[in-house]
Every structure is written in structure tokens, then in C-alpha cells.
Amino acid sequence: RDPVSELLLTILSQNTSDVNSGRTFETLQRRFPSREQLAQAGVTDIADAIKSGGLSQIKAVRIKETLQRISAERGNLDLNFLADLPLDEAKEWLLRLPGVGPKTAACVLLFSLGRPALPVDTHVQRVARRLGLIGERVSAEQAQHLLEAVVPRKQVYEFHINMIVHGRRTCHARNPSCPMCVFRDICPSAPAFLAAYAARRQGGQNT
């Protein structure tokens, strides 16, 4: 997707599933075929178009304010210029937009422009902590800086996607599937989880 579309989709994805946000984005596009139409639309009309995605009023305000800010600063609704800026400058520009945090900025840069910015969501943060790549008290924003510093630039996209997939399929927030995990022999968190897993199995057999 183009950077503005990726930005809108990321806003819509907050507090909902990827499937739901994708459908909401498609509905928004059908209702407002051009970015100019969307920027000029009223907040109520935008909220009505995205109501299936949840928090529609909050997201509608954010969408309108974001598009207005881009138009005011650039004179258009095109963010492709970010591809030519140094990565830190591109991040800083996006972070000045209403409601855009480090994760949203990284999503736009990585998924739309192929820049080596690493979005850190709950899955990436959880898996990185359990593997000992970051400390227990490291925030998502701090984790982004730490992980970007060690992950090879050409592998940022692959790293991000694989960490999310691993977090969803195996390294669950509760009761991670450590016996099935490919990292179980090197993961510093695995012994405690494996012991708890064995205790649960033993307790079930005794019952």
C-alpha cells in the first residue's frame, strides 16, 4: 500500500483484529474513493464509515486531523517523500502527526516504503523478552531502538513477521507451547514454563 493508506490502516487496526481493520479500511475506501474526499469529510461521516472497527469516533477524529496535518505541511496527501529522508528524520516527521507513535511510524516505513524500521507490538515485545533479547522492564518504544540496533537491516521485515507468527502460534501470553517451540533449548524462559507444563500434566494424570 502507499504510505497514507498504510497510515490509515494502522490507525484503524488499534484495538481490533487485523481482519476487522482490513474490512473497515475497504469500507472507508468505498465511501471515500479519494484521500481528498476523506480529508474534507465530516468526522461524523468518517465515524459512520468505520463504525464496524470499534472506537469509530476517536479514530475518525484522528484520521481527519492526520490528513489535514499532512496536507497543511506538504500541500498534498502524498507521503512517498519519506522514502528519501534519512530513517531517523522520516520517523520524526511521522511522529509529529496526531496520534502517531513509534509503532505506527515504523509500520508505515517498513510495510509501505521498505525502510528498516521495526514495529514492536505485544507479540514482538513478549517473545523478545522471553528470549532474553530485551529486559523485563523494557518498554515497547525502548525495545524498538534496541532491536533495530541488532537486527540486520535487510532482515527487519522477516524478523518482525516471524516474531509475530511465533507469538501467535507458539509463544502465547498464557501457557506458551514450549514443548513444541524451536527455541526451547536456548530460550532462558523455557525451563520454568516446561516445569509448569510438566506439573500440569502430572496433576492431570493423578486426577
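A salt bridge is a side-chain nitrogen of Lys or Arg within 4 Å of a carboxyl oxygen of Asp or Glu. The exercises below apply this and related terms to a predicted model, in which local features need pLDDT of at least 70, side-chain atom pairs count only at pLDDT 80 or more, and totals for chains, interfaces and linings use all residues. Residues are numbered from 1 along each chain as its sequence is written, and side-chain values use heavy atoms, with hydrogens and water left out.

**Exercise 1. Salt bridges**

Task: State how many salt bridges the structure holds, and describe the pair formed by Glu6 and Arg1.

Solution. 
Step 1. The structure holds six salt bridges.
Step 2. In one of them, the side chains of Glu6 and Arg1 meet with an N to O distance of 3.9 Å.
Step 3. Accessibility is classed as buried (under 20% relative accessible area), exposed (over 50%) or partly exposed (in between), using a 1.4 Å probe and protein chains only. Glu6 is buried, at 7%, whereas Arg1 is exposed, at 57%.

**Exercise 2. Pairs that join helices**

Solution. 
Step 1. Helices are DSSP runs (H or I, at least four residues), numbered from the N terminus.
Step 2. The closest N and O atoms of Asp48 and Arg31 are 3.2 Å apart.
Step 3. A network of salt bridges links Arg31, Asp48 and Lys51.
Step 4. The side chains of Lys91 and Glu148 meet at 2.5 Å, N to O.

**Exercise 3. The largest pocket**

Task: Describe the volume and the lining of the largest pocket.

Solution. 
Step 1. On a 1 Å grid over the protein atoms alone, a pocket is an open set of points where a 1.4 Å probe fits, with protein on both sides within 12 Å along at least five of seven lines; lining residues have an atom within 4 Å of a point. A volume is the space filled by probe spheres set on the points, which are joined across faces, edges and corners.
Step 2. The volume of the largest pocket is about 620 Å³.
Step 3. Its lining has 21 residues, and Asp18, Phe111, His160, Ile164 and Arg168 lie nearest the centre.
Step 4. Helix 10 gives the largest share of this lining, six residues.

**Exercise 4. The second largest pocket**

Task: Find which residues of the salt bridge between Lys91 and Glu148 also line the second largest pocket.

Solution. 
Step 1. The second largest pocket has a volume of about 180 Å³.
Step 2. Its lining includes Lys91 and Glu148, together with residues such as Leu87, Pro102 and His145.
Step 3. Helix 6 (87–95), helix 7 and helix 9 (140–150) each supply at least two lining residues, and helix 6 has the largest share, five residues.
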